[in-house]
Amino acid sequence: MSKSRFEKDIKTNLGGVMDYGEYLRLDSILRAQKPVSSPAHHDETLFIIQHQTSELWMKLIIHELSAAISYIEADELESCFKILARVKHVQRMLFEQWAVLETLTPSEYMEFRDALGSASGFQSYQFRMIEFLMGNKERDAIRVFEHKETLHKRLNNVLESPSLYDEFLRHLARQGKSIPSEVIVRDWSQPYDLNDQVVEVFREIYENPHDNWNAYEMAEKLVDIDQHMSMWRYRHMLTVERIIGYRQGTGGSSGVSFLRKAVDIRLFPELWAVRTSIRAPREPDRKSVHS
């Protein structure tokens, strides 16, 4: 038998000091799974942990997007690149989590679905905040939070503030790009509509990446998170269809039909539209590069 791998310097006298569980508040986290079905159905624990874990990842996305917006306001695009790369990887984790929930069969879910009452993922204020931070604004969406004054006020503040994309367009305007005034001075609570002049600005950036490297890199980072958002929405829709078919959602929505409408949402429309008109990028001036 091999010798013990327990090293002599590992701390074992932890009385009176902060240990791993205390740092992570594990007592609170691990006590937060409380099935409401009676008798408690085995698979309800999976359902609860799946959604609680998603909410923790969403909390991180909000943390990162808020920081990214602050950096863009200060015209520090480079500081956003790692942040948005991290957001993309968190989105991938959220996407992959659906595979775990997909092990829940329709008959298993129906055994405890009624216990959910009117509780629905549509009521996730963190998901709504992520959508607002990314620019998918809809005032009616916060009506479900009117009974929670603090949350409603917080969401309303984000609704009425410039989104990540709004701030990027404002940054480009400050850099001398021809962003129309109606794009950078508007009612931020309203959904953003594609603007042909903004498409032309991005065409110039994409065709001349060496002269616009930070804006070019930022645009691609935004496309990454927009694409991952669409992938998440699509997987969500398929998972719901797989488990409940075309039943009405617990929160009152039409269920799969409602989710399907969101799959084609493009948060940063010009960054997708520009791809149709991009010509070959211009090569940098070799003389200036080597001078």
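Helices α3 and α8 are roughly parallel to each other, a class that covers angles under 35 degrees, whereas angles over 145 count as roughly antiparallel, 65 to 115 as roughly perpendicular and the rest as oblique. The model is a predicted one, in which local features need pLDDT of at least 70 and side-chain atom pairs count only at pLDDT 80 or more, while totals for chains, interfaces and linings use all residues. Residues are numbered from 1 along each chain as its sequence is written, and side-chain values use heavy atoms, with hydrogens and water left out.

Helix α3 spans residues 44-73 and helix α8 residues 164-174, and the two pack at an angle of about 15° with their axes 9 Å apart; helices are DSSP runs (H or I, at least four residues) numbered from the N terminus, and axes are lines fitted to C-alpha atoms, for helices over the stretch in contact, with angles running from 0 to 180 degrees between N-to-C directions. The crossing of α3 and α8 is left-handed, that is, the near helix is turned anticlockwise from the far one by less than a right angle. The contact (heavy atoms within 4.5 Å) is made by Leu65, Ala68, Ile69, Ile72 and Glu73 on the side of α3, and by Leu164, Glu167, Phe168, His171 and Arg174 on the side of α8. By class, 6 nonpolar, 1 polar and 3 charged residues take part in the contact of α3 with α8, where Ala, Val, Leu, Ile, Met, Phe, Trp, Tyr, Cys and Pro count as nonpolar, Asp, Glu, Lys and Arg as charged, and the others, Gly among them, as polar.

The axes of α3 and α6 come within 9 Å and cross at roughly 25°, which makes α3 roughly parallel to α6. The crossing of α3 and α6 is left-handed, and among the residues that form the contact are Met58, Ile62, Leu65 and Ile69 of α3 and Phe127, Ile130 and Leu133 of α6. The residues of this contact of α3 with α6 divide into 10 nonpolar, 2 polar and 2 charged.

Helix α6 is largely enclosed by the rest of the structure, because 9 of its 10 residues are buried (under 20% relative accessible area, with exposed meaning over 50% and partly exposed in between, for a 1.4 Å probe and protein chains only). The buried residues of α6 include Arg128 and Glu131, and the cover over the buried residues includes α3, α4, α7, α8 and α11. Helix α6 is followed by Gly135, whose phi is positive, near 110°.

Not counting residues up to four places away in sequence, Tyr165 touches residues including Tyr192, Val198, Phe202 and Leu222.

Thr239 lies in helix α11 and is buried, with a relative accessible area of 1%; beyond four places away in sequence, Thr239 touches Trp98, Leu101 and Glu102. Gly245 is found in the loop between α11 (213-244) and α12 (256-263), and counts as buried at 19% relative accessibility.
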